[in-house]
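Please examine the sequence and the model before reading each solution.

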Amino acid sequence: PKSHSVFHCMGTVDELTSLIGISKEHCPETCFLKDQLYKIQCCLQDINSHIATPPYQAMESKRLRTIFDPTGQLSSELEQWIDEMDKELP
């Protein structure tokens, strides 16, 4: 049913992706964040794909193509961005 928590989760991720898109449009062309925001949007779409089709329901060929951040590199990169941005805060 549409009231299932999976749909609420997917809707929340979609809203976040949309808000990031709006933020990107308001960034100046020279803003270093544009590339980071784009990468985050792509990751969120991958996450939504995983939410929509849990591994136990996906065909093996899809599971092999959709392994998400197995080395933790994306998570580490995001943490680094956060640390860099925190330095700029008062």
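A crossing is called left-handed if the near helix is turned anticlockwise from the far one by less than a right angle, and right-handed if it is turned clockwise. The model is a predicted one.

**Exercise 1.** Determine how helix 1 and helix 2 are oriented, and which residues make their contact.

*Solution.* Step one is the geometry: helix 1, residues 5-26, packs against helix 2, residues 33-52, at an angle of about 165 degrees, and their axes lie 10 Å apart. Since angles over 145 degrees count as roughly antiparallel, helix 1 is therefore roughly antiparallel to helix 2. Sorted by class, the contact comprises twelve nonpolar, six polar and three charged residues.

**Exercise 2.** Describe the packing of helix 2 with helix 4.

*Solution.* Helix 4 spans residues 73-88 and packs with helix 2 at an angle of about 145 degrees, the axes being 12 Å apart. The crossing of helix 2 and helix 4 is left-handed. Leu33, Gln36, Lys39, Ile40 and Cys43 of helix 2 meet Leu74, Glu77, Leu78, Trp81 and Met85 of helix 4, and this contact has seven nonpolar, one polar and two charged residues.

**Exercise 3.** Which elements give two or more residues to the lining of the largest pocket?

*Solution.* The largest pocket holds about 210 Å³ of space, and its lining includes Lys39, Ile40, Cys43, Phe68, Asp69, Leu74, Leu78 and Trp81. The elements that give two or more residues to this lining are helix 2 and helix 4. By class, the lining residues are eight nonpolar, one polar and three charged.

Note on methods. Residues are numbered from 1 along each chain as its sequence is written. This is a predicted model: local features need pLDDT of at least 70, side-chain atom pairs count only at pLDDT 80 or more; totals for chains, interfaces and linings use all residues. Side-chain values use heavy atoms; hydrogens and water are left out. Axes are lines fitted to C-alpha atoms, for helices over the stretch in contact, and angles run from 0 to 180 degrees between N-to-C directions. Helices (H or I, at least four residues) and strands (E, at least two) are DSSP runs, numbered from the N terminus. Angles under 35 degrees count as roughly parallel, over 145 as roughly antiparallel, 65 to 115 as roughly perpendicular and the rest as oblique. Contact means heavy atoms within 4.5 Å. Ala, Val, Leu, Ile, Met, Phe, Trp, Tyr, Cys and Pro count as nonpolar, Asp, Glu, Lys and Arg as charged, and the others, Gly among them, as polar. On a 1 Å grid over the protein atoms alone, a cavity is a set of points where a 1.4 Å probe fits but cannot get out, and a pocket is an open set with protein on both sides within 12 Å along at least five of seven lines; lining residues have an atom within 4 Å of a point. Grid points are joined across faces, edges and corners, and a volume is the space filled by probe spheres set on the points.
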